[in-house]
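Please keep the sequence and the three-dimensional view open while reading.

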Amino acid sequence: MQKNSTPANEPIDHLVILGGGTAGWMAAAAIGKVFKNSAMKITVVESSEIGTVGVGEATIPEIINFNRILGIDEREFLKFTQGTFKLGIEFVDWMGAGSSYFHPFGRYGTAIGTVPFFHYWQKLNNLGDAAPLPDYSFCIQMCKQNKFAKPTNIPNSPLSEIDYAYHFDAGLYAQLLRKYAEACGVIRVDAKVVGVKKNSDNGYIKSLHLEQGGQIDADFFIDCTGFRGVLIEENLHGGYEDWSHYLPCDSAVAVASKPLEDLPPYTRATAQEAGWQWRIPLQHRTGNGYVYSSRFISDETARQTLLNNIEGDATGEPRVIRFKTGIRRYPWKKNCVALGLASGFLEPLESTSIHLIYEAIANFLGLFPSKTIQPELIKKYNQLQRRNFTTIRDLLIFHYWANKRTGSEFWDYCQNMEIPDRLKNKIELYQSTGRLFREDNELFSDVSWISVFLGQGITTAAYSPIADVLAMSDLKQRMDDVKHIIHNAGQPLPSHRNYISQYCPAARREP
Ligand SMILES: Cc1cc2nc3c(=O)[nH]c(=O)nc-3n(C[C@H](O)[C@H](O)[C@H](O)COP(=O)(O)OP(=O)(O)OC[C@H]3O[C@@H](n4cnc5c(N)ncnc54)[C@H](O)[C@@H]3O)c2cc1C
């Protein structure tokens, strides 16, 4: 380590993004905005012949920030992408046939004292005096009533506590971002890359060779080519850490169906024989898919299960997609960063992949290099990526491990599989002390963890002794008030369908 150093600061002249899926255009829009008035040229190379993965429709609330930073108007965005609102995910049959619970956005209850609400709830629950925890979540109550409204500024009202995300057509979102990026000066080239030339001295990528002839030179490359990782894996050998022993699903079969009449404001994840099925309501169609493990059922069984379990008729042919859950060992290597599916994949159970793209872009911008790339930037970026993937991964593993389904090899395997130490420690701490901590700046808060713990039957009687500071009579009164306010606040709100019709009706479009 040197006490003083002067970094080389020669700016990048040309940055190339290879791939024009959600990741490519999110990167182009965000980086294009930041460098709009600079001399740096940005080019997106995408192949319309290859196309995109064509799935990825449910998000989490952080997407709102991404759009806000870009200055994208919410109504225009929802109209353009046939979008709807999302207040959480309903998990059906994970605890056996007929079971259901919600993982909501927003929080439970309200601030009562100095410890999180669920400690007060746990105390009353032990005495048999509490309603079920979901009765204290405004977002869950709105999901159950199929209602929606955007948060207001009314103090102390549950309406100010609403937290939401979107469902949208990811292909249309990429189109919207493309328009945005092009307006920032980003150039698009429709071409298939068939070869890569590297510098012989340092192994950096120098140019991309196009099928139709010609080459594109650049100083820095962003690989958004999807699962193949054309630059990061096929050329730079960034390596892949396979996590399929924890998350054994490796395939999905997807099909659209007609839009749902009542347009539920939530994603549904229904456990099936060897995985789970998603239902994502959009304005022009419903997205459906069965995420499964090909070790336990065939593609044909998965396809039939999906078709038997969708509401209404399919509007196309089911399509099988293969994947391997895991993380790129070196998502930034030499002069190339991988984003999106090229950087690793966590299956869509908690709708986190698009969020991971956003996080990665934010980290990359925070560590943006000059022409001479300091190894410390690369090291930091790769550490942050690993942390983001690992902490989300653990909640996904927990869903599978804590299932209570019987009579199926797949679910038996999940109940008995080894789980990571970090997750084991979280479960032990919660069960023995009632405490849940947001560690390593992880995405999911205590609200998420408590929802899934209780939803999947992992309970505790323990709570923080700080909850005892509040007098019992006060506590009962305040908990009752919270429950009633939450129950009543939802009643005058419009249905989600009506809210969409007023706020952001999309043009009619074939599914
Ligand atoms: C089954 C499934 C369900 C999912 N559901 C969700 C969800 O609900 N929520 C969520 O957040 N995420 C979800 N995801 C993840 C989400 O789909 C992706 O994170 C997102 O679409 C980003 O994809 P991408 O841009 O990295 O790759 P892709 O969409 O595959 O795009 C790759 C791009 O690279 C281009 N390309 C590839 N090779 C070349 C070449 N040689 N030359 C030129 N161009 C090339 C292609 O043309 C394309 O433009 C899901 C993923 C799967 C598999």
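## Ligand surroundings

The ligand is surrounded by 37 residues, of which the closest are Gly19, Gly21, Gly56, Gly226 and Gly340; a residue is taken as near a molecule if its C-beta atom, placed from the backbone, lies within 6 Å of it. Helix H1 (22-34), strand E2 (41-46) and helix H8 (353-366) are the elements that give two or more residues to this shell, and the largest share, three residues, comes from H1. Helices (H or I, at least four residues) and strands (E, at least two) are DSSP runs, numbered from the N terminus.

This is a predicted model, in which local features need pLDDT of at least 70 and side-chain atom pairs count only at pLDDT 80 or more, while totals for chains, interfaces and linings use all residues. Residues are numbered from 1 along each chain as its sequence is written. By class, the shell around the ligand has 18 nonpolar, 16 polar and three charged residues, where Ala, Val, Leu, Ile, Met, Phe, Trp, Tyr, Cys and Pro count as nonpolar, Asp, Glu, Lys and Arg as charged, and the others, Gly among them, as polar.

## Domains and their contact

An automatic or database domain assignment supplies the domain bounds, and the protein chain is divided into domain 1 (14-57 + 169-244 + 325-390), domain 2 (87-93 + 108-163 + 393-496) and domain 3 (251-322). The shell around the ligand draws at least three residues from each of domain 1 and domain 3.

Taken over C-alpha atoms, the centres of domain 2 and domain 3 are separated by 27 Å. Between these two domains, 17 residues of domain 2 are in contact with 14 residues of domain 3, contact being defined by C-beta atoms, placed from the backbone, that lie within 7 Å. On the domain 2 side, the elements giving two or more residues are strand E4 (88-92), helix H5 (138-144) and helix H10 (409-416), with the largest share, five residues, coming from E4. By class, that side has eight nonpolar, five polar and four charged residues.

## Nonpolar core

The largest nonpolar core has 145 residues, and those with the most contacts inside it are Leu18, Met26, Ala27, Ala28, Leu177 and Leu339. Helix H9 (residues 375-401) gives the largest share of this core, 10 residues. Such a core is a set of buried Ala, Val, Leu, Ile, Met, Phe, Trp, Tyr and Cys residues joined through C-beta atoms within 7 Å; a residue is buried if 20 or more other C-beta atoms lie within 10 Å of its own, exposed if 12 or fewer, and partly exposed in between, with C-beta atoms placed from the backbone. Leaving aside its neighbours within four places in sequence, leucine 339 is in contact with Ala23, Ala27, Ile222, Cys224, Ile357, Ala360 and Ile361.

## A three-stranded sheet

Three strands form an open antiparallel sheet in the order E12-E18-E21, pairing being assigned if DSSP finds at least two bridges between two strands. Strand E12 (240-242) and strand E21 (344-345) stand at the edges, each with a single partner strand, so one side of each has no neighbour in the sheet. Strand E18 (residues 326-328) pairs with E21 over two bridges in the antiparallel sense, and isoleucine 327 stands opposite glycine 344 in E21.

## Positive phi values

Most residues other than glycine have a negative phi. Asparagine 146, in the loop between H5 and strand E6 (165-167), has a positive phi of about 55°, and it counts as partly exposed because it has 17 C-beta neighbours inside 10 Å. Serine 351, in the loop between E21 and H8, has a positive phi near 55°, and it counts as buried because it has 21 C-beta neighbours inside 10 Å.
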